[in-house]
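Subject: Structure handover

Hi,

Here is the structure you asked to look at. Please open it alongside this message; my notes follow below it.

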Amino acid sequence: MKEIVVISGKGGTGKTSITASFSVLAGRDAILADCDVDAADMHLLLEPDFANPGDFYSGEVSEIIEDKCTQCGECMKVCHFDAISLIDAKHRIDPVSCEGCGYCTHVCPENAIISRELNVGKCFVSSVKTGTKMVHARLGVAADNSGKLVAKVKNEAKELAVKLGKKYVLVDGSPGIGCPVTSSLTGADFVVLVTEPSVSGVHDLKRLYELVKKFRIPAGCIINKADLNSKTSQSIIDYLKEENILYLGSYKYDLAFTRAMTEGKTIVEWDGANSISLSIKESWEKIKESLL
Amino acid sequence: MRIAFTTKGDKWESMMDPRFGRTEYFLVYDDKSKEVTVYDNTDVQGEAHGAGPRTATELFKLNPDILITGNGPGGNAGTVLEKAGIEVYIGAGQMTVKEALEAFLNNKLEKI
Amino acid sequence: MKIAIASGKGGTGKTTLSTNLSVFLSETEKVVLVDLDVEEPNSGLFIQGKLLSEHIQYKEIPEWVQEACTLCGECQDVCNFNAVIQLGDSIMVFPELCHSCHACSGLCPVGALPMKPKEIGLIRKYKYNNLDFVESRLNIGEEQSTQLIANTNHFTDENYNNDYIKLFDSPPGTSCPVIEATKGVDYVVLITEPTPFGLHDLKLAVDTMRDLNKKFGVVINRYGIGNDDVIGYCEEENISILARIPNRRDIAELYSRGELLYDKVPEFGSEIISLWNNIRKEVEAE
Ligand code: SF4
Ligand code: SF4
Ligand code: SF4
Ligand code: SF4
């Protein structure tokens, strides 16, 4: 079983549409995992049934048990996040400001403060229209998008892939270069970088590849909307050569992506003969080949 | 020499866990006494932050000379292992523990 | 007046909008643009101003004093973020993981972990023609962006008085950094695209803003692609649509070269003007 992770640094490069297209091409051979915690959008194209929901906990907040509290004020003195205040002569913790550091729990002479794990959302193992399973999550507002959620989603997908004897785990990776994307990358066999030929696109690509290098995972790159700036696209291709990144193809700037999305379809389903669909198929073949 | 593996189970036939920080188990093999110790790391797996350094301290307590894993520990965990003087070999992510040991003994794994 | 420009996810045109709006306004008003997308500050790619000053930003982290330490292990036990660990006879601190809560420092029985400042990022002040521009950049590897955002907000308050219109380019998403970035602003502009993805992410952003009790409106970028569902949603939910930026190839091309648009594409410029008029109306309403 091989794990393929698609990432792009910043949003807006078409990463999710491309990952969903690969999912359609892989069909029953792949288990899917949506680890794009900021914008979990893959479900909009793949029609999951949101089955097997499980609660997801991450991080902690502290709470004062009123009956035990003697209002001594020790907790308020140590909190560095201004989360504890005296309201109507009672000490209270504001859960939004609380960082969950636990300092207050250690100084309270009455043991009146407890930590509670935060329920930040739900995790699903859905059946999707491509005849396979997808692991994905729905986070609540202001939830902490930690590496833990990403690790959980990926892990469930991998276990399922082993159990069902699938060839691939296909991961829509996390944005940015922080902890979630690090979690997305751990354990991957191949990384697909999606970029676009803009100043910020190139900037993000390079920062991201620095991270990928540390993991020593083979990588390939897709240049989306390549014809918007052919000069920059060429310089990206040169960069790929220098860094030994497999060039997976350049896609045209085309509204077909969006049209397909509006109908809830990936572009390869919407019009298999479209030039982008053909390019995506080619990229997918190259990825499969390099994993042999 | 004590050799530690990041694993998904507690047997020689178990698959390796390619991750370091969130590995499910450690299996430690002592090549003199031929003894195998299993350490369950699932507690740390559930940590939201800092799984790497936490796992590295747990590993330190198992007192290995060598660690065999998949991708290699990230920056923070790497610092701990370096300080602890544990040598790290990577590239065994897709093997069983047994295969990983053989690969190591035949110098097939990359040292970092 | 303080305005935040935000979106449910990255890549919807947040930076394009903030840079163009602020440069346009600076022709007639006192404006400061603050890039709070500290993990990936991109505004500076479009506004190459003159550097006025640099200000290193710090957070507090514990520093181990070996001579004093009794190796009791208390610090490792109390840290909820695994940022301080005991390794044999030494204590290691991981600055990137530390949330500066002071617990280990305060609870160490012998005072062997005093808190010391550590660099986490850099604030730079620029001048671009008439526009003041503040860029805040988190050091690579650092994970606590919220602290730097709070510092930057504070810095802006100290350096620019209330005569200024303050525009904040916020980080994407709906988690802690956005909440910190929109603290204290009078109005939030949410930018989205008229597609199913755009609508889905917009709904999450709207929920967040409502949770935080913020006044907000929506800008539709790349208007003309996709469908009318975003408009339908805004009407149903009584959310003002502040501007509709047309989808045009020349806009995408200029953007890819890192150029400003408002003075080059009239259809874009006119939307920026009506955006500003609408924001003013909304802020002054009630
Ligand atoms: S857990 Fe930390 S942040 Fe929360 S109230 Fe206690 S001291 Fe304050
Ligand atoms: S330290 Fe404990 S007893 Fe004192 S005010 Fe806080 S919660 Fe109440
Ligand atoms: S709490 Fe203080 S004395 Fe105890 S191990 Fe930590 S630094 Fe040393
Ligand atoms: S200050 Fe808080 S977060 Fe930082 S090392 Fe000490 S206990 Fe951990």
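**Chain B against chain C**

Between them, chain B and chain C bury about 1100 Å², with 68% of that area on carbon and sulfur atoms. Chain B brings 13 residues to the contact and chain C brings 12 residues. The count of salt bridges between chain B and chain C is zero. Please keep in mind that this is a predicted model.

Five residues of domain 1 of chain C and six residues of domain 2 of chain C make the contact.

How much area do domain 1 of chain C and domain 2 of chain C bury between them? The value is about 350 Å², and 40% of it is on carbon and sulfur atoms. On the domain 1 side, look at E142(C), E143(C) and Q144(C). These residues supply 76% of the area that domain 1 of chain C buries against domain 2 of chain C, more than any other three residues. The salt-bridge count between domain 1 of chain C and domain 2 of chain C is zero.

**Salt bridges**

Over all chains, the structure holds 42 salt bridges. Here are some to inspect.

In chain A, the side chains of K213(A) and E243(A) meet at 3.3 Å, N to O.

In chain C, D157(C) and K166(C) form a salt bridge at 3.9 Å, N to O. Which end is buried, and which is partly exposed? K166(C) is buried, with a relative accessible area of 2%. D157(C) is partly exposed, at 40%.

Another chain C salt bridge joins K183(C) to E180(C), with the closest N and O atoms 3.4 Å apart. E180(C) is buried, at 15% relative accessible area.

Chain B has a network. Salt bridges with shared partners join K8(B), D17(B), R19(B) and E24(B) into it.

**Aromatic residues**

There are 12 aromatic pairs over all chains. One of them is F50(A) with F124(A), an edge-to-face pair. Their ring centres are 5.0 Å apart, and the planes stand at 90°. This pair links distant parts of the chain, 74 residues apart. F50(A) is in the loop between α2 (43-46) and β3 (54-64) of chain A, while F124(A) is in strand β6 (residues 113-127) of chain A.

F124(A) counts as buried, at 6%.

Also in chain A, F22(A), Y168(A) and W284(A) form one aromatic cluster. Elsewhere in chain A, K206(A) lies over the face of Y239(A), at 5.2 Å from the ring centre.

Best wishes

Definitions and conventions: Residues are numbered from 1 along each chain as its sequence is written. Chains are lettered from A and ligands numbered from 1 in the order in which they are written. This is a predicted model: local features need pLDDT of at least 70, side-chain atom pairs count only at pLDDT 80 or more; totals for chains, interfaces and linings use all residues. Side-chain values use heavy atoms; hydrogens and water are left out. Rings of Phe, Tyr and Trp (its six-membered ring) pair if their centres lie within 6.5 Å; planes under 30 degrees apart count as stacked, over 60 as edge-to-face and the rest as tilted. Helices (H or I, at least four residues) and strands (E, at least two) are DSSP runs, numbered from the N terminus. Buried means under 20% relative accessible area, exposed over 50%, partly exposed in between (1.4 Å probe, protein chains only). A charge sits over a ring if NZ of Lys or CZ of Arg is within 6 Å of the ring centre and within 35 degrees of the ring normal. Contact means heavy atoms within 4.5 Å. Buried area is the accessible area (1.4 Å probe) that two parts lose on being put together, summed over both. A salt bridge is a side-chain nitrogen of Lys or Arg within 4 Å of a carboxyl oxygen of Asp or Glu.
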